[in-house]
Amino acid sequence: MPHRIVTLPGDGIGPEIMAPALQVLGAVGDFEFEEHTFGGASIDAHGVALTDETLASCRGADAVLLAAVGGPRWDTTDPHAPRPEQGLLGLRKGLELFANLRPVKPLPALYDASPLRRELIEGTDLLVVRELTGGIYFGEKTRTATSASDVCAYTAEEVERIARVAFRSARSRVSSVDKANVLETSRLWREVVTDLHSREFPHILLEHVLVDNAAMQLVSAPRHFDAILTENMFGDILSDEAAMLTGSIGMLPSASLGGDGPGLFEPVHGSAPDIAGQGIANPLAMFLSAALMLRHGLRLESEAAAVESAVQRALEEGLRTPDLGGGAGTDEATRAVLAHLE
Ligand code: IPM
Ligand code: MG
């Protein structure tokens, strides 16, 4: 039986990078794909960013592969209007994907594509472990004409389960990032992480880093980090920052895991409406997300490694999309990667 994968191309460059990703997957295995509209496209078709039917299909799949959602067409400050991002948040929550893994390992071929100096980024190999279904993203929201609030809440149980993922993923050190000098949720976070560490992971080094300081260290001493454990919004911000170590946000994949059902695999970048339809989107983060799906979602390690090494070799041979300072379009990038899989 081929693995059943639900694909959600979404909006903007989403469909342009999803189609090549399916070609790449087709080159390493036999999969059954089931596509659903999602995000803004789903709002246009059904009035909501994620329909019950799509969520049910995702639940029944072996893995869910998502490209990107959002765009100016659906941008609004009206709290009652549907937003494409609600689809993404609904899917993460609906599948209980509390653990978001964002590996950041700049490829030697791209050391000079980063705005940071080569000496600084060389040898960086870190993993952002972001809590994905709690915190300020999901707390109660209020809004009147002249005031608004977003509640940031965490339970000890939510903190412990994501901390366990970080300790298990770390080679030797977990840097737990919080704002414990100001936030009550961070003080609970620190207590729970410290307690779990001493009970179950005393062999792993644990340090607590304030989020502002972590933001600084990420660009001044990125090699220092191994696993970075953090809450939802800090993880969102720090992972975009960390992406620049790899040369472009167009390079960073992510895996969202934790529920009993399928995982969700998506690039860290957005739908890039400014370049949609031009055929110049970098599909590599999408390919690398497909590789994470093969590894973590379908337990196909050698297929995952094949895709990753094809991407690496294409870059070594000089492949550069515009975001990396080159002129290759999406098709050319796809052919360059497929050439190493045949
Ligand atoms: C991400 C994105 C999403 C997030 C948006 C699109 C809701 O920025 O996956 O990092 O904030 O989680
Ligand atoms: Mg983000």
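**Figure 1. Glu231 caps the N-terminal end of helix α9 in this predicted model.** A side-chain oxygen of Glu231 lies 2.9 Å from the backbone nitrogen of Met233. Helix α9 has 12 residues, which at 1.5 Å each should span 16 Å. Its end C-alpha atoms are 17 Å apart, in agreement with that figure.

**Figure 2. The buried side of α9.** Asn232, Phe234, Gly235, Leu238, Ser239, Ala242 and Ala243 are buried in α9. They cover an arc of only 155° around the axis, so they sit on the same side of α9. An α-helix has 3.6 residues a turn, so residues three or four places apart point the same way. The partners packed against the buried residues of α9 are β4 (99–104), β5, β8, α7, α8 (211–220) and β10.

**Figure 3. Surroundings of ligand 1.** Glu85, Leu88, Arg92, Arg102, Arg130, Tyr137 and Asp236 surround the ligand. Three of these side chains are shown with their polar atoms. For Tyr137, a polar side-chain atom lies 2.5 Å from an oxygen atom of ligand 1. For Arg130, a side-chain N or O atom is 2.8 Å from a ligand oxygen. For Asp236, a side-chain N or O atom is 2.8 Å from an oxygen atom of ligand 1.

Figure 4. The 17 residues of α7 (residues 184–200) should span 24 Å at 1.5 Å a residue, and the end C-alpha atoms are 24 Å apart, which agrees. Thr185, Ser186, Trp189, Val192, Val193, Leu196 and His197 are buried. Seen down the axis, these buried residues fall within an arc of 135°, so they line one face of α7. Glu184 and Glu191 are exposed on the other side. The cover over the buried residues of α7 includes β5 (126–131), α6 (156–169), β8 (173–178), β9 (205–210), β10 (227–230) and α9 (232–243).

Figure 5. The largest nonpolar core has 43 residues. Within it, Leu65, Leu294 and Val337 touch the most other members. At least two residues of this core come from each of α1 (14–28), β3 (63–68), α10 (284–297), α11 (301–316) and α12 (330–338). Helix α10 gives the largest share, 9 residues. A second, separate core has 21 residues, including Leu127, Val174, Val192 and Leu229. In soluble globular proteins, nonpolar side chains tend to be buried together.

**Figure 6. Contacts of Leu65.** Neighbours within four places in sequence are left aside. Leu65 is then in contact with Ile5, Val6, Thr7, Leu8, Met18, Leu22, Leu25, Phe265, Met286, Ser289, Ala290 and Met293.

Definitions and conventions:
Residues numbered from 1 in each chain as written. Chains lettered and ligands numbered in written order. Predicted model: local features only at pLDDT ≥ 70, side-chain atom pairs only at ≥ 80, totals over all residues. Heavy atoms only, no water. Helix = DSSP H or I, 4+ residues; strand = E, 2+ residues; numbered from the N terminus. Expected span 1.5 Å × (residues − 1). Buried < 20%, exposed > 50% of the residue type's maximum accessible area, 1.4 Å probe, protein only. Arc of directions from axis to C-beta. Contact = heavy atoms within 4.5 Å. Core = buried A, V, L, I, M, F, W, Y, C linked by side-chain atoms within 4.5 Å. Near = heavy atom within 4 Å. Polar contact = N/O pair within 3.5 Å; in protein donor to acceptor, adjacent residues only side chain to side chain.
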